[in-house]
Amino acid sequence: MQLFKLFKQDSWVRPFLKKYRRSLILALILGFATFFCASALMFNSGYLISRSAALPENILLVYVPIVLTRAFGIGRPVFRYLERLTSHNWVLRLTSRLRLKLYQTLEQDAVFFKNQHQTGDVLGLLSDDIAHLQNLYLRTVFPTVIAWLIYVFIILALGWFSWWFGLVMLLFFGIIIFAFPLWSLLATAARQEQRKQLRTQLYTELTDNILGVSDWIFSQRTTDYLTTHQQHEQRLAEVKSQLQQFDRRRDFMVQVVFGIIAIMLLVWSSFRFPGSHGGAANWIAAFVLSLFPLVDAFAPLSQAAEETNIYQDSLKRLNQLPAIAAATAGETNQVLQGPYTLKIERLHFTYPQAATPALQQLNLTIKPGEKLAILGRSGSGKTTLAHLLRGDLKPTGGSVTLNGQPTWKLADQISRYIGVLHQAPYLFHTTLSNNLRLADENATDQQLWDVIERVGLKELVSSLPQQLETEVDEAGLRFSGGERHRLALARILLQQVPIVILDEPTVSLDPITEQALIETFNQQLHDKTLIWITHHLQGLSLMDQIIFIEDGQLQLSGSPEKLAAHNQHYQQLLAVDRGIWPHK
């Protein structure tokens with residue numbers, strides 16, 4: 001089976017099986033004890049009823065069955081509770097470790113996650129795939145192994161009374177335990193794959209159309225979209241209905257086989273324990289009644305087998321994620337002392353599977369307190385350079401160092417030294433104070449008001465219903481683009497880092513808001529090293545140095561005044577930025 005092949009190569013679940021093997025074994029033993037007590041209770045009750053109906057001369061003749069009835073009656077719920085407690089504790093410990101590993105795996109590529117995954121992939125991995133692996137044990141592994149243990153016990157017990165009847169039961173119980181699950185797996189595989197594809201298509205189209213709902217409305221074609229969506233939902237419902245019909249037919253056949261086994265037990269025990277009015281005949285009801293609690297142990301196996309296709313997909317997706325980089329062993333916790341100098345030497349970087357390098361042979365020194373602007377067209381390598389400066393990427397060749405320490409080795413410590421303001425700062429759906437305290441969770445309310453005033457938002461925040469405790473709408477839509485950028489700047493000021501990277505923060509703003517924001521940046525970050533990545537020339541006169549990157553290489557560098565006076569290429573850029581097209 002494909003699932004077992006994947007499991008042999010699995011690096012996500014298998015390592016935890018050995019780590020938590022004691023809890024796993026205990027859960028299986030308790031599960032076996034639960035069904036043993038349930039079956040033994042009915043076995044003993046059947047004997048007790050038959051024996052009591054034979055008018056025993058002395059109550060002591062049925063005293064032992066009475067005591068055993070109490071013992072098994074108490075043991076069944078107790079073992080059931082302990083089994084659930086142990087198995088769920090084991091699975092929850094497993095899934096908590098899996099979620100931690102998933103976070104660590106995604107976190108190292110978080111900067112580029114949107115380029116590698118579609119919308120909703122994180123949600124699918126966190127909620128669906130981890131939950132599926134959780135159900136893999138609770139609904140498939142545990143019930144299946146426990147059923148196999150009971151199966152072996154039943155055959156050995158019946159074989160002790162009659163070897164030939166034990167072989168007959170080996171066949172009939174084997175039909176329930178092996179034949180029906182295998183049939184379910186093979187018969188439903190194609191429909192489950194079709195259901196999965198329809199769900200994926202439906203989700204993709206739904207997400208895409210919701211994001212573009214305004215275009216549907218403006219084009220007055222919402223009816224067309226709704227009709228198409230309903231057709232896809234109808235197809236999905238038909239496949240689900242087919243799967244449910246198969247499940248009902250299969251479950252009915254399983255019950256029929258159980259009925260046949262009950263009749264065979266009744267006939268066999270009648271011949272095996274002949275007699276009347278007590279004696280050996282008392283065992284007939286005991287053997288027949290002991291079968292019924294086992295239905296709960298064996299009947300779910302077919303449904304569990306069907307779900308292995310889901311687990312297979314989840315296991316495959318998780319194992320396709322990149323492994324946690326072994327290079328983290330080289331990380332350093334060294335505390336760097338200011339002033340801070342960023343130095344780039346013979347820097348070369350190529351993305352995996354890329355045909356051309358993103359950056360090559362780049363040399364640059366950024367001194368403490370320097371204001372540097374990095375220009376370049378889209379795709380020229382500007383943002384890649386920012387990620388290398390932040391240590392999000394490891395250079396393919398050369399080095400990027402902060403006070404002599406490679407930035408990629410600083411790992412999470414880099415946030416002490418370098419802050420980043422992105423094109424689209426994100427505000428979480430929580431209070432404004434919580435959003436600001438992402439930079440410093442111990443910041444006081446007075447500190448929050450101080451940075452809010454510095455970025456020019458004190459009047460706005462004071463007018464909000466609950467001021468700092470006002471709930472921010474999802475993605476910060478309550479605020480305009482310029483206000484979100486100012487709140488992001490407030491975070492950086494609260495963080496008190498010596499180096500700030502502005503990654504095209506004004507690209508989506510109108511000229512007036514852009515100019516106001518540039519002036520705020522320059523005023524509030526005047527004492528910090530500032531690295532401004534942009535393709536606009538507005539505000540560059542405030543910079544100490546300008547560099548221009550083209551096709552991953554440094555094309556020009558110098559002060560704004562020097563470049564404006566002597567560099568023809570920069571003069572052309574200035575003219576274009578001002579809307580003046582130079583004559584050839």
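In the predicted model, the largest cavity is lined by Leu 502, Ile 518, Phe 521, Asn 522, Leu 530, Trp 532, Gly 539, Leu 542 and Met 543. This lining comprises seven nonpolar residues and two polar ones, with no charged residue. Two elements, α20 (511-524) and β8 (529-533), each contribute at least two residues to the lining, and the largest share, three residues, is supplied by α20. The space within the largest cavity amounts to about 60 Å³. In total, three cavities of 30 Å³ or more were found.

Strand β9, which spans residues 545-550, is mostly covered, with six of its six residues buried. In a regular strand, side chains alternate between the two faces of the sheet. In β9, Gln 545, Ile 547 and Ile 549 point one way, whereas Ile 546, Phe 548 and Glu 550 point the other way. Residues on both sides of β9 are buried, Gln 545 and Glu 550 among them.

Strand β9 pairs with two strands, β3 and β10. The pairing with β3 (residues 371-375) is parallel and extends over four bridges; within it, Leu 375 has Phe 548 of β9 as its bridge partner. The pairing with β10 (residues 553-558) is antiparallel and is made through five bridges. Strands β9 and β10 form a hairpin with two residues between them. In this hairpin, Asp 551 adopts a positive phi near 55 degrees.

Conventions:
Residues numbered from 1 in each chain as written. Predicted model: local features only at pLDDT ≥ 70, side-chain atom pairs only at ≥ 80, totals over all residues. Heavy atoms only, no water. 1 Å grid on protein atoms, 1.4 Å probe; cavity = no way out; pocket = protein on both sides within 12 Å on 5 of 7 lines; lining within 4 Å. Points joined across faces, edges and corners; volume = space filled by probe spheres on them. Nonpolar A, V, L, I, M, F, W, Y, C, P; charged D, E, K, R; others polar. Buried < 20%, exposed > 50% of the residue type's maximum accessible area, 1.4 Å probe, protein only. Pairing = 2+ DSSP bridges.
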